[in-house]
Every structure is written in C-alpha cells, then in structure tokens.
Amino acid sequence: MESGPKFEEALERIGVIVASLERGDGDLGRSLGEYEEGIRLLARCKTILDGAERSVTLLTGVDDEGNPEGTPFEPHSSTETK
C-alpha cells in the first residue's frame, strides 16, 4: 500500500501552496512550512511519475489469441538520431 497523497491530490495542493506564497499570505514561519510541504509533495509526485514510467509498456503487436504484446518502455533509449 502506498503512503501519501495521490498524484492529483499532491499536484493540487502544490498549486494552492504556490498561490499562497505568491500572494504573501501568512507570516514567514507559515510560508516556510508551506514551502517545505511543497518540496515534500513535489518529491512525492516525482516518485509516482518514476514508478509510472517504469510500468509503461510499448505495444508491439497482438499474439494469435488477440492478447497485446509489448516491451518495456525505455525513455533514454538510443533510438534518437544525432
């Protein structure tokens, strides 16, 4: 079971924090606390995205029974032309 907010919840909270910091709401202590929370949420989002990236599979075809066939997605592959 994963701990922490879902990606969408974390992203929404980051937006609220950014808006608050941009408006200058609250005192310095509150702002620092919100900033630290935002950093933790950003790290959470990155963890979730990294996990999703690892689980993405490229569809390469369909087998004789109609089941999808795939290969793991490698975002840093050497298929780019130089």
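Glu-34 is buried in the predicted model, with a relative accessible area of 9%; buried denotes under 20% relative accessible area, exposed over 50%, and partly exposed the range in between, as computed with a 1.4 Å probe on protein chains only. The residue Glu-34 lies in helix α2, which spans residues 28-55. Leaving aside residues up to four places away in sequence, Glu-34 touches Arg-13, Ile-17, Ser-20 and Leu-21, where contact means heavy atoms within 4.5 Å.

Two helices and two strands are present in the protein, and from the N terminus on their order is α-α-β-β. Helices (H or I, at least four residues) and strands (E, at least two) are DSSP runs, numbered from the N terminus. Of the 82 residues in the protein, 12% are buried. Among contacts between residues at least 6 apart in sequence, 38% join residues at least 24 apart. The accessible surface of the protein amounts to about 6,800 Å², and carbon and sulfur atoms account for 56% of this surface; areas come from the Shrake-Rupley method with a 1.4 Å probe, and for residues only the protein chains shown count as cover.

The average pLDDT of the protein is 85, and 87% of the residues score at least 70; pLDDT is the predictor's confidence in each residue, from 0 to 100. Confidence is highest in helix α1 (residues 7-23), at a mean of 97, and lowest in strand β1 (residues 57-62), at 74.

Because the model is predicted, local features need pLDDT of at least 70 and side-chain atom pairs count only at pLDDT 80 or more, whereas totals for chains, interfaces and linings use all residues. Residues are numbered from 1 along each chain as its sequence is written, and side-chain values use heavy atoms, with hydrogens and water left out.
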